[in-house]
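Me: I am new to this structure and would like to learn how to read it. Please take me through a few features one at a time.

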Amino acid sequence: MHSYLSDLLDESQLEALRGVERATRDRRAQLLAQRRQTARALHGGQELALLEETREIREDTTWQVDPPPADLTYRLVELATPATPEASKAALASGTDVWVADLEDMLVPTPGRLLAAHRVISDVAATRTGDPAPGVPTLMVRPRGLHLDEAHLLVDGQRISAPVADAVTFIARCGAVLVANGTGPYLYLPKVETWQEALWWEDLITRTEEAFDLPAGCTRVSVLVETVHAAYQLEEILHALRHRVTGLTAGRWDYVFSYLRTYGERQDHNLPDREAFTMNTRFLRTYTDVILGTCHRRGVQALGGPVALAPSGPFDESVAMTHARVHRDKAREAKQGFDGAWALHPALVPICRAPFEGRDELLGMGAEQRRQRREGEVPEVHIDPDALRDVSSLPGSATLTGMRTALRSALTYLTGWLTGEGTVTIAGVVEDFGTVELARMQLWQWMIHEQRFAEGPTMSPRLFERVLEDEIALLRRHGAREDLLQHAVTLLRDSVLVEDPPAFLSIRAYDVLLDLRHPRANGAA
């Protein structure tokens with residue numbers, strides 16, 4: 001079967017990709033096995049903690065990450081959208097400082113969409129320079145995570161890893177022109193759990209630079225802090241990437257999803273409705289304080305997480321309320337010490353920017369950290385495991401309304417995802433695969449703990465099926481394709497009505513996607 005990668009890379013580039021895959025494959029398999037082993041230990045009652053074997057790295061106050069390049073020093077707003085032609089046009093016209101072209105949670109990984117995404121990224125890369133200019137965003141690319149495969153190219157009879165496919169293709173196509181224009185290929189690393197995984201990314205990138213004769217270290221990265229495991233290893237992760245890393249970003253919804261994957265089976269870790277997860281709560285404030293403290297200690301830029309709200313329609317009271325909520329959230333992050341933040345909708349770029357502009361100490365991203373270092377200040381990073389695990393103070397409760405909202409979001413999104421829609425706005429909220437992973441894990445947790453909702457009913461398979469039938473009927477009335485709807489229903493049932501839910505529903509959904517297009521789609525290498 002023809003691979004879309006053959007349309008993007010010539011034979012020598014494909015051979016380089018195969019080489020990177022072979023060189024990184026065994027270590028990736030070991031890391032994924034380590035994830036499973038850690039998950040079993042945590043389910044058995046073990047707790048996450050600081051690592052004794054890396055104490056020297058944490059206690060050494062002398063090391064810092066390398067300074068950021070010129071076009072990554074001013075990042076008040078980073079707009080993340082799927083890497084589609086339509087989204088890129090809106091992003092480039094939005095006034096954002098950075099456009100994060102997403103190949104992971106926001107893009108459905110069909111061959112056609114991945115082909116179009118890389119062509120869009122190449123077009124944008126050809127126009128970027130290393131001289132920051134107002135209104136001209138710097139390009140960053142978020143590849144797929146360590147856990148995902150790319151089925152449309154086989155190497156030695158095995159699927160290649162999706163991060164290798166995405167990162168190598170981007171660097172092969174865009175690296176040389178970006179470097180020639182005074183900038184470089186910049187990546188956003190998702191779903192990192194450990195410092196060993198950070199080293200795997202470092203090795204992948206180094207091998208790719210060598211394969212294409214690019215200057216060593218020209219590929220710079222930022223890391224999304226999206227897992228509870230990473231919160232205990234941030235200094236080690238930065239140390240592993242210290243010659244490349246430019247920022248740490250709070251990935252709020254993926255972090256809560258990771259929390260549920262880690263502690264969801266524990267009765268005392270039951271979570272309320274998603275709307276309760278405000279950044280003012282001790283649970284998430286502690287997480288962001290750890291990110292900030294680590295960034296300030298090691299000279300790294302700190303980026304706040306996205307708000308999943310989206311304005312819709314003409315400016316009216318509801319849009320004004322959305323703007324106000326986003327402004328409050330970003331004002332809190334600016335006051336807390338973040339240097340900038342993510343946005344998920346082009347219309348929210350100026351709203352997100354305003355709280356970060358005009359601060360006296362803001363001379364560019366990371367300026368405050370560098371000032372502290374010049375003046376001999378080495379801030380401590382205090383990690384309180386109890387506070388990182390404390391969900392007891394989360395406001396609100398689990399409600400039947402919240403349960404229906406989670407089910408509706410998951411089912412609607414999965415049905416749309418199978419048609420090729422990577423982001424969907426539902427009730428004014430931008431949903432991507434990350435928010436849907438959280439929704440289905442909440443449904444699962446309420447199910448296994450037989451959660452009693454505030455309105456009175458108790459979560460059960462019978463209640464789940466009754467609400468599910470309501471939502472199926474609603475989607476049918478809205479014209480959903482019956483075959484895709486049934487696939488979405490099966491995916492949702494198989495991740496909620498089970499004792500042991502899948503770690504990532506996206507893996508199962510990808511296999512369904514492959515079967516819909518070409519039964520057991522594979523591409524020969």
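This is a predicted model: local features need pLDDT of at least 70, side-chain atom pairs count only at pLDDT 80 or more; totals for chains, interfaces and linings use all residues.

Me: Is Leu238 buried or exposed?

Reply: Buried means under 20% relative accessible area, exposed over 50%, and partly exposed in between (1.4 Å probe, protein chains only). Leu238 has a relative accessible area of 0%, so this residue is buried. Leu238 belongs to helix H8, residues 234-240; helices are DSSP runs (H or I, at least four residues), numbered from the N terminus.

Me: Which residues is Leu238 in contact with, beyond its neighbours within four places in sequence?

Reply: Contact means heavy atoms within 4.5 Å. With those neighbours left aside, Leu238 is in contact with Trp63, Val65, Val245, Leu248, Thr294, Arg298 and Val300.

Me: How many cavities of 30 Å³ or more does the structure hold?

Reply: On a 1 Å grid over the protein atoms alone, a cavity is a set of points where a 1.4 Å probe fits but cannot get out, and lining residues have an atom within 4 Å of a point. Grid points are joined across faces, edges and corners, and a volume is the space filled by probe spheres set on the points. There are three cavities of 30 Å³ or more. Of its 17 lining residues, Trp253, Asp254, Pro306, Trp342 and Asp432 are the closest to its centre. Helix H9 gives the most to this lining, with three residues.

Me: What lines the second largest cavity?

Reply: Its volume is about 40 Å³. The lining includes Leu50, Arg58, Tyr232 and Thr294, and H8 gives the most, with three residues.

Me: How many salt bridges are there?

Reply: A salt bridge is a side-chain nitrogen of Lys or Arg within 4 Å of a carboxyl oxygen of Asp or Glu. The count by this rule is 51. One of them joins Arg408 to Glu471, with the closest N and O atoms 2.7 Å apart. This pair links distant parts of the chain, with Arg408 in helix H15 and Glu471 in helix H17, 63 residues apart. Arg408 is partly exposed, at 33% relative accessible area, whereas Glu471 is buried, at 2%.

Conventions
Residues are numbered from 1 along each chain as its sequence is written. Side-chain values use heavy atoms; hydrogens and water are left out. Helices (H or I, at least four residues) and strands (E, at least two) are DSSP runs, numbered from the N terminus. On a 1 Å grid over the protein atoms alone, a cavity is a set of points where a 1.4 Å probe fits but cannot get out, and a pocket is an open set with protein on both sides within 12 Å along at least five of seven lines; lining residues have an atom within 4 Å of a point.
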